[in-house]
Amino acid sequence: MWAPYKKGFKAWLRLEKSLSDHSVEAYLHDLEKLTQYLQLQGWMYNPDQLQMEHLQQFIRWVGELGMTQASQARILSGIRSFYKYCLVEQISREDPTILLESPKLKRMLPDTLSFEEIEMLIGAVDRSKPEGERNKAILETMYSCGLRVSEVVGLKISCLFLESGFIRVTGKGDKERLVPIGDKAVQQIGIYREHTRRFMTIKSGAEDILFLNRRGDKLTRVMIFLMIKELAKVAGITKTVSPHTFRHSFATHLVEGGADLRAVQEMLGHESITTTEIYTHLDREFLRKTLHDFHPSFRR
């Protein structure tokens, strides 16, 4: 009986929220969990009939399935989005999720690399291989601009304004932003385009994509993930390193250097400043370590 609501919610996520197919499927999976629970309980309720108490029981049931608090919080976030849709479309008169408390999550601080470790990892690129100049250009761009891996693989030549020192990035929800790009990244992109990319046979549809694989097609996120893992091993870096580590390092180094948090938010493409605030926690850890290493009272 919820099939029409799911169909409408799916269209709303795509058209109104401009979410990717992956994100849309994740939201629908969360809603499917709720309808599965309703069926198990024998509750033939439509969205307007559900009360907060029903949803509290649902969250407890999800916890009993062995799901982590992070998974429970994600599912609840999906249900909240569904009820936003229901209010907009006047399917429901009230939002039963509004007073629901999310599971308390322990905020994990992400691994970051020091500037020296970034240099070591980039220096581990074998530039004698055909893909070497491309890989170095990818890493320089990721660290210079703090891009998500999806933004890197989708970066277009037509969105490069290198003479002005900016690139146009398409982030989550197809939202565009202008991001400054450093001289080293600009120089390496030029080397890659001049000495590697211009000699490639490019597949139809990939003509405007900057970073290409050996077959002249768009790279995948997994390819970049594996490349960075291998380079970390070669460089002797034992930290957990992924493409997102470059983004975290970019933001952390900016905050440690005294950058305004709003400017960091803009460059990262965070919708909420709350997401960016994690880097103030990282900065506090940096300050604590600095005191521990250099202040006499900490070294007694």
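What follows is a chat about how the labels on this predicted model come about.

Me: What should I know about the model before we start?
Reply: The model is predicted, so local features need pLDDT of at least 70 and side-chain atom pairs count only at pLDDT 80 or more, while totals for chains, interfaces and linings use all residues. Residues are numbered from 1 along each chain as its sequence is written, and side-chain values use heavy atoms, with hydrogens and water left out.

Me: What makes Y37 and F58 an aromatic pair, and why is the pair called tilted?
Reply: Rings of Phe, Tyr and Trp (its six-membered ring) pair if their centres lie within 6.5 Å; planes under 30 degrees apart count as stacked, over 60 as edge-to-face and the rest as tilted. Y37 and F58 sit 5.8 Å apart, centre to centre, with 55 degrees between the planes, so they pair and the pair is tilted.

Me: How do you know that this pair links distant parts of the chain?
Reply: Y37 is in helix 2 (residues 21-41) and F58 is in helix 3 (residues 52-64), 21 residues apart. Helices here are DSSP runs (H or I, at least four residues), and strands are too (E, at least two), numbered from the N terminus.

Me: Why is the pair of F82 and Y83 called edge-to-face?
Reply: Their planes are 80 degrees apart, with 5.4 Å centre to centre.

Me: What makes F82 and Y83 buried?
Reply: Buried means under 20% relative accessible area, exposed over 50%, and partly exposed in between (1.4 Å probe, protein chains only). F82 is at 0%, so it counts as buried, and Y83 is at 0% as well, so Y83 is buried too.

Me: Which aromatic cluster do F82 and Y83 belong to?
Reply: One formed by W2, Y5, F9, W12, Y27, F82, Y83 and Y85. The structure holds 16 aromatic pairs.

Me: Why is S18 called partly exposed?
Reply: S18 has a relative accessible area of 26%, which falls between the buried and exposed limits, so it is partly exposed. S18 is in the loop between helix 1 (3-15) and helix 2, and it has a positive phi of about 55 degrees although it is not a glycine.

Me: And why is Q90 called exposed?
Reply: Q90 has a relative accessible area of 71%, so it clears the exposed limit. Q90 lies in the loop between helix 4 (69-88) and helix 5 (115-123), and its phi is positive too, about 60 degrees, although Q90 is not a glycine.

Me: What makes A185 buried, and which residues is it in contact with?
Reply: A185 has 1% relative accessibility, so it counts as buried. Contact means heavy atoms within 4.5 Å; leaving aside neighbours within four places in sequence, A185 is in contact with E140, T141 and S144. A185 is found in helix 8 (residues 183-195).

Me: How do you know that helix 10 has a span close to the expected one?
Reply: The expected span is 1.5 Å times one less than the number of residues. Helix 10 (residues 243-256) has 14 residues and reaches 20 Å from its first C-alpha to its last, close to the 20 Å expected. Helix 10 is also mostly covered, with 10 of its 14 residues buried.

Me: How do you know that strand 2 and strand 3 pair?
Reply: Two strands pair if DSSP finds at least two bridges between them. Strand 2 (residues 166-170) and strand 3 have five bridges, in the antiparallel sense, so they pair.
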